Amino acid sequence: MTRRRRSTFAGQWGWPIGLAVLTLFGLLSALIGEGGVWWWLSWAALAMPLLVIVHHLRRARQGRPHHARARSS
């Protein structure tokens, strides 16, 4: 007997909302910041969504996505 997790709002939309907030912060810090720490923060904040995309593309090329493995076990 397998136990399924309930699909909640946070479970479904947590990552996309987090990446959107991070991207928005990176864009605003690049626009408003005068340099120095602000540029480093904007680079880091804008690089994180790209790293997540690359990670999931590599995972998709290796086989089934993560959610498909969780359902079959």
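Phe25 touches Trp38, Leu41 and Ala45, leaving aside its neighbours within four places in sequence; contact means heavy atoms within 4.5 Å. This is a predicted model, in which local features need pLDDT of at least 70 and side-chain atom pairs count only at pLDDT 80 or more, while totals for chains, interfaces and linings use all residues. Residues are numbered from 1 along each chain as its sequence is written, and side-chain values use heavy atoms, with hydrogens and water left out. Phe25 also belongs to a nonpolar surface patch of about 710 Å².

**Overall layout**

- The chain has 3 helices and 0 strands. Both kinds of element are DSSP runs numbered from the N terminus: helices are H or I with at least four residues, strands are E with at least two.
- From the N terminus on, the order is α-α-α.
- Of the 73 residues, 11% count as buried. Buried means under 20% relative accessible area, exposed means over 50%, and partly exposed lies in between (1.4 Å probe, protein chains only).
- The accessible surface of the chain comes to about 7,000 Å², and 67% of that belongs to carbon and sulfur atoms. Accessible areas come from the Shrake-Rupley method with a 1.4 Å probe; for residues, only the protein chains shown count as cover.

**The nonpolar patch**

- Patch residues have over 30% relative accessible area and no salt bridge; like charges are joined within 9 Å, and nonpolar side chains (Val, Leu, Ile, Met, Phe, Trp, Tyr) within 5 Å. A salt bridge is a side-chain nitrogen of Lys or Arg within 4 Å of a carboxyl oxygen of Asp or Glu.
- Helix H2 (residues 37-62) gives the most to this patch, with 5 residues.

**Phe25 and helix H1**

- Phe25 lies in helix H1, which covers residues 9-32.
- Phe25 counts as partly exposed because its relative accessibility is 37%.
- Phe25 and Leu41 are 16 residues apart along the chain, yet their C-alpha atoms are separated by 8.7 Å.
- H1 has 24 residues, which should span 34 Å at 1.5 Å a residue; its end C-alpha atoms are 32 Å apart, which agrees. The expected span is 1.5 Å times one less than the number of residues.
- H1 has a kink of about 35° at Trp15, shortly before the proline Pro16. The bend at a residue is the angle between axes fitted to the seven residues ending there and the seven starting there.

**The loop between H1 and H2**

- Gly33 sits in the loop between H1 and H2.
- Gly33 counts as buried because its relative accessibility is 13%.
- Beyond neighbours within four places in sequence, Gly33 is in contact with Leu28, Trp38 and Trp39.

**Helix H2**

- H2 has 26 residues and reaches 37 Å from its first C-alpha to its last, close to the 38 Å expected at 1.5 Å a residue.
- Trp38 is found in H2. Trp38 is partly exposed, because its relative accessible area is 42%.
- Trp38 contacts Phe25, Ser29 and Gly33, leaving aside neighbours within four places in sequence.
- Trp38 and Leu28 are 10 residues apart in sequence and 9.6 Å apart in space, C-alpha to C-alpha.
- Ser42 also lies in H2. Ser42 counts as buried because its relative accessibility is 5%.
- Ser42 touches Gly26, Ser29 and Ala30, not counting residues up to four places away in sequence.
- The buried residues in H2 are Ser42, Ala45, Pro49 and Val52. Their cover includes H1.
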